[in-house]
Amino acid sequence: MQDIRLAIFDWDGTLMDSVGRIVACVQGAARDCELAVPAPAQIRQIIGLSLDVAMSRLFPLSSGSSSGSAFDERQIAALIDRYRHHYLHDATPSPLFSGAGELLHDWRSRGLQLAVATGKSRRGLDRVLDETGLRPLFVTSRGADEARSKPDPLMLEQILDELGLSPRQAVMIGDSVHDMAMAEAIAMPRIGVTWGVDSSDALSRHGPVAVVDSMMALHALL
């Protein structure tokens with residue numbers, strides 16, 4: 001990985017320990033909309049996707065509805081609105097993973113460019129970048145409302161085009177199969193981390209250069 005000039009990070013479950021908060025907020029949105037509350041394991045499977053895609057997968061609302069897709073769109077919009085409300089007010093802690101800040105500062109100080117490719121919206125990403133004070137470390141970022149949802153590789157392609165790099169000059173780092181599949185689609189090297197939503201076995205199916213179990217192990221790779 002000597003030619004790597006850019007490290008692209010997923011956010012939730014990779015840099016920030018926010019999986020518990022996301023689960024709580026999706027469940028809160030379901031209750032507000034008087035829908036069956038999905039189990040944590042179900043919600044973990046959609047973390048990293050854009051909210052519209054995630055909610056559509058969790059709540060297949062067309063069944064039992066006579067009004068078709070318009071009904072679905074209204075209900076998905078209502079779920080997203082309630083999710084965002086809960087995310088702003090939910091008290092579930094969502095700190096950075098231990099060692100994440102140190103890793104980012106060290107890699108940046110050594111000349112490696114850093115970016116974010118996330119299922120968060122631009123508004124949500126900007127909020128956490130400012131809350132954590134990490135915004136100055138990243139040369140660019142993409143949220144789910146600025147490209148197609150993972151695993152479509154559009155957000156990676158946009159980042160590469162902006163910085164004038166090829167896929168082989170970057171590495172995608174993430175905790176979900178959506179991150180791995182997104183990078184795999186354009187032959188970008190990828191590193192899976194196991195402290196988020198998906199297991200080592202699941203991540204390994206997408207041919208990563210490494211799967212790591214600790215921030216220290218990740219730090220040592222670049």
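**Exercise 1. How many helices and how many strands does the chain have?**

Solution. Helices (H or I, at least four residues) and strands (E, at least two) are DSSP runs, numbered from the N terminus. Counted in this way, the chain has 10 helices and 6 strands. This is a predicted model, in which local features need pLDDT of at least 70, side-chain atom pairs count only at pLDDT 80 or more, and totals for chains use all residues. Residues are numbered from 1 along each chain as its sequence is written, and side-chain values use heavy atoms, with hydrogens and water left out.

**Exercise 2. Compare the radius of gyration with that of a compact globule.**

Solution. The radius is taken over C-alpha atoms, and the globule rule is 2.2 Å times the number of residues to the power 0.38. For 222 residues the rule gives a value near 17 Å, and the chain has 17 Å, which agrees. Along the principal axes, the C-alpha atoms fill a box of roughly 55 × 35 × 30 Å.

**Exercise 3. What share of the residues is buried, and which residues are buried in helix H7?**

Solution. Buried means under 20% relative accessible area (1.4 Å probe, protein chains only), and 52% of the 222 residues count as such. In H7, which covers residues 154–163, the buried ones are Leu 154, Met 155, Leu 156, Ile 159 and Leu 160.

**Exercise 4. Which elements do the buried residues of H7 pack against?**

Solution. With contact meaning heavy atoms within 4.5 Å, these residues pack against strands E1 (6–9), E2 (113–117), E3 (140–142) and E4 (170–174), and against helix H8 (177–184). Just after H7, Gly 164 takes a positive phi of about 70°.

Terms used
Buried < 20%, exposed > 50% of the residue type's maximum accessible area, 1.4 Å probe, protein only.
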